Amino acid sequence: MKLSFESTILLLFLVLAYFHPSSAKNPCTAHSDCGSCFRANGDCAFCKDEDFSSSGVRLDRCNYANVLKELGCKSLMNVQGEHKFEKEENFTFFRQVSPQKITLNLRPAQTNKFKIKVKPAKGFPVDLYYLMDMSKSMENDLNELNKLGIKIADEIGEITPKYRLAFGSFVDKTVAPFIQPAQLNKPCMLEDNVTPCKPTFGYNHIFDFNDNKTSFQERINQQNISGNLDTPEGGFDALMQVASCNSTLNWEPVDRAHRIVIFVTDATPHIAGDGKLGGIIQPNDGLCHLQISTNDQSTKEYTQSNKQDYPSISKLKSKLKSNDIIPIFAVTENVQSVYKKIVDEWKDMNARIGVLKGDSSNIVELIRKTYSEIITTIRLSDNSPSDIKVFYKADESCPNVIEEGAGCSNITAGDEYGFDVMVTATNCPKGVAQVPTQSFVINIPGLGKIDVDVNLQCECPCEAPGMGVQNSTSCNGTGTFQCGICYCGSGYHGEKCECDNEAEADDTLCIPNNTTDVVCSGAGSCVCGECVCNKRLNAGEFISGRYCECNNYGCDRHDGQLCGGPERGICECGSCKCTDAYLGDNCGQVNCTIAEKNCLNPDNGEVCSGNGVCDCEKCNCEVGYIGKYCQTCVSCETKCGEYKDCIQCVLDNNGPLASNNCTSCAYLDIRLVEYEVEGTCRFQIDENCHYEYDYTQGLNETVIVRKACVVVTNESIPILYIVIGIVAGLIVLAFLLLIIWKIIVTAYDNYEYQKFLKQSKPEFESKNENALYKAPKTVYDNPTYAHNNPYE
């Protein structure tokens, strides 16, 4: 199996984290019981084998699962996260998201990944609420709306045949300093000659949701402008009521239609806290407070306008989001920057903003454009708790990924789009015996939502009530045996409750000095006041010492081996102990003072056979001698000649000594080999073969002989053809180089010629093209001159 780069790095990290004497990098090994092990990290597992710490060597029960298996653990507690689709119904016209409900079982610091799918329906219905500022500055806009009501309906009808329209308006709270109380009923009559307008009001719902565009236009035409004193308006009071009054306003259910509100104004909004200027201190409760107006039975009015403060931006967002209402702010340019900041904060709701002309004449185009953007965009958001992190990634079906994977634009209705969802629980709540199920909602504005229930796996199954064995023999009859470990009774201590002296069980007895608080150097456990060092996977490696401060695997290396290997030294308590012949931290240096013994010839006991000088365990031979011990003489001609006759006699039964059966060669050990020999002695046997041989001198002289022959073939080599081929190849190569050179020279000459023509050409083709040219004479036309006709 081929591992990826990331997998290789992770595997290396796990190995190093375990094998290093310090467990600081391993999030598991610091935990001794199953519950804390599970809560430490989602990758931690726990071994509940009773004998996992046997033979006087303690092993970490909490570790990575693969490490525990390699250590021989048989009963492994390793509950992993999982997800289950509780409700996964097929797509329909009104069901555009799948699945609809998910349950997750999560371990802390562990990510669970699942996929959701979204399929926007073609021609999905829409409820469009038109919420308009009716202050005096919007008079021209109201006049324009009187002409465009039906056009708005027609524009929506081109996008979806199923739509409903509603209408409401707002001004501001009817208390000072937002108005002049004396001018309440005639807010526009600042001078006697000005015609009064409609009395100031907070918010009025005027037209219920209906698909009759003519009635919508008629109701708009009946409206009159109003007014107030300050510049900010009470539009957010009205927007909160639009979002809160689901049944009163007769909104379609969230899975039956897109819910859109068009917020039209030329002023900034009042927000929470502004009501205190008028003595209003009660916070906005986010509930519906609409009642039928006493002045107009067809109108519903906001009854708490002068009793409750304006809503905060965050509370208004929460209400709009919970009721799946998407706001479109149609505002004038002078307040665009204010509402742009709000839209940026509300982008997870798919909120939009458009700039109105001074008289709102572009409102139809604005609605069409912004609504088109909404229905061609998918955005994912959630309200997950702070200890649960959710990330999204659009898959390859998305034509244009936005919001770092949490959104997709330029989509097509009727197509299916997928998103990968990664959920991670950062930790388990502290001080909670039983962690309750946590829930959140993945919201896809205008399309649907997904309910997610999260069960945090913070407790170990073997620690459940009734799973422990009280007064267990595994705990010397004085403790409860649970999850493979002992929980000692009063007065008993130790891993097996074997200590009846609390002082002996004090971990400070296993700390070497006051400069550290690490028990047993971080490489063992304290049992009854004594360190029991951890066991290594490699049988040849061990940790030792009173405080487990020593090991035989942490020394420096030479040539890839600890202390250069057994011949050079051994590792003791983290330091190399070198043999006499080697020195250094890693035994990489030779001790030349005693290394002469490596130059002794084992045959005669002489240093370099008497034919050289020992240079720190290596022989430097005199001229004419070779070999590890300078034992071979390559310039002794008499020996070469002396051995020649014996080699012929012994190997070929030939030569001058063959007549006496080679008896004179009995003192020689002649060996025929196949490999190359080091010496230079040789003689010819016949036309094709010869002997090469070397010899060593000692008590018994040895001659190493190799027979070398040259294979001769009768086939003649066609030398003439080879020569002709080489010559022809050179000629062809030269010809090709000549052609290439000619092409390059011709191209360069043509380039230079064209450059010359361009430089020689006049800068202007004629005087008419020369902006600096002036004719030598000037012609003037006399308008009174009648040419040859005296009557003209």
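Predicted model: local features only at pLDDT ≥ 70, side-chain atom pairs only at ≥ 80, totals over all residues.

Residues are numbered from 1 along each chain as its sequence is written, and side-chain values use heavy atoms, with hydrogens and water left out.

Let me start with an open sheet of four strands, ordered E5-E7-E21-E18 with antiparallel pairing, where strands (E, at least two residues) are DSSP runs numbered from the N terminus, and two of them pair if DSSP finds at least two bridges between them. Strands E5 (97-98) and E18 (388-394) stand at the edges with a single partner strand each, so one side of each has no neighbour in the sheet. Strand E7 (residues 111-118) is joined to strand E21 (residues 417-425) by eight bridges, and Lys-115 has Asp-420 as its bridge partner in E21.

Lys-115 also meets Asp-395 in a salt bridge between side chains, at 3.2 Å from N to O, a salt bridge being a side-chain nitrogen of Lys or Arg within 4 Å of a carboxyl oxygen of Asp or Glu. Because Asp-395 lies in the loop between E18 and strand E19 (400-402), and Lys-115 in strand E7, the pair ties together parts that are 280 residues apart in sequence. Asp-395 is buried at 15% relative accessibility, whereas Lys-115, at 33%, is partly exposed; buried means under 20% relative accessible area, exposed over 50%, and partly exposed in between, with a 1.4 Å probe and protein chains only. Lys-115, Asp-395 and Asp-420 are linked in a network of salt bridges, and the structure holds 21 salt bridges.
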